[in-house]
Amino acid sequence: MTTADSHTGRRLTARGAKTRARIVAAAAELMYVKGVGDTTLDDVLAASGVSKSQLYHHFDGKESLVRAVIDHVGERVIQRERDALAHVSTIPGLRRWRDALVQNNALRHGAYGCALGTLASEVSDQDELARRALVHLFSEWQELLAGVLRRLQDKGTLPAGAPVDQLATGLIAAVQGGYMLAQTARDVTPMATSIDMALAYVESLSAD
């Protein structure tokens with residue numbers, strides 16, 4: 001059985017795909033904890049347990065590996081958000097979504113921030129292809145939130161004229177800003193407050 005590398009189109013055997021996935025997963029964890037700039041290919045080799053020839057068989061260098069990490073992290077984050085938001089159609093449902101994000105971030109006391117946001121802050125000015133991939137991922141996340149707000153409109157909870165897309169942008173900004181503040185403080189309280197304020201504004205628009 002073979003699969004295709006999403007970037008190169010190269011056919012991969014099951015064993016090759018497993019090796020590639022191990023490299024990407026190890027790199028993603030290192031880049032999340034240490035940062036992209038401080039993660040070397042030697043670090044990735046040590047963490048993944050693969051040889052240098054295996055790494056270079058799958059990746060031309062660090063830039064292509066970072067792009068693969070963005071795909072990997074993006075898929076994980078967006079799937080998490082799909083699972084969390086797909087059926088939310090109430091304000092209490094949005095608050096449960098908020099609680100899950102904050103509680104998950106509290107496991108590391110806010111350290112390291114959002115995996116996707118951290119990548120964006122480090123690579124957006126360095127790699128145009130990576131920046132475009134990140135734009136697409138954040139747009140997907142924003143659209144999931146916009147979908148929730150449209151369902152609130154359909155139920156009459158929000159007025160028909162509520163600026164759904166702008167509200168979704170505000171929610172994403174509150175989440176990402178909250179992650180950054182929590183990372184700096186090593187405390188999730190600022191994150192909770194940030195999202196709470198955005199949700200309070202959404203709720204203030206609720207139709208009577």
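Predicted model: local features only at pLDDT ≥ 70, side-chain atom pairs only at ≥ 80, totals over all residues.
α5 has 16 residues and reaches 23 Å from its first C-alpha to its last, close to the 22 Å expected at 1.5 Å a residue.

Next, move to the N-terminal end of α5, which is capped by T90. If you display the side chain of T90 together with the backbone of G93, you will find a side-chain oxygen of T90 lying 2.9 Å from the backbone nitrogen of G93.

Now widen the selection to the largest nonpolar core, which holds 64 residues and in which L94, W141 and L149 touch the most other members. Two or more residues are given to this core by each of α1 (14–34), α2 (41–48), α4 (62–85), α5, α6, α7 (128–154), α8 and α9, with α7 giving the most, namely eleven residues. In soluble globular proteins, nonpolar side chains tend to be buried together.

From there, centre the view on W141, which counts as buried at 0% relative accessibility.

The structure holds two aromatic pairs, and F138 with W141 forms one that is stacked, at 6.3 Å centre to centre and with 5 degrees between the planes. F138 is buried, with a relative accessible area of 18%.

Finish with two loop residues whose backbone deserves a look. Most residues other than glycine have a negative phi. Select Y112, in the loop between α5 (91–106) and α6 (115–123), where phi is positive at about 80 degrees although the residue is not a glycine; Y112 is partly exposed, with a relative accessible area of 25%. Then go to R186, in the loop between α8 (164–185) and α9 (189–204), where phi is near 55 degrees, again a positive value in a residue other than glycine. R186 counts as partly exposed, at 49% relative accessibility.

Technical notes. Residues numbered from 1 in each chain as written. Heavy atoms only, no water. Helix = DSSP H or I, 4+ residues; strand = E, 2+ residues; numbered from the N terminus. Buried < 20%, exposed > 50% of the residue type's maximum accessible area, 1.4 Å probe, protein only. Core = buried A, V, L, I, M, F, W, Y, C linked by side-chain atoms within 4.5 Å. Expected span 1.5 Å × (residues − 1). Polar contact = N/O pair within 3.5 Å; in protein donor to acceptor, adjacent residues only side chain to side chain. Phe/Tyr/Trp six-rings, centres within 6.5 Å; stacked < 30°, edge-to-face > 60°.
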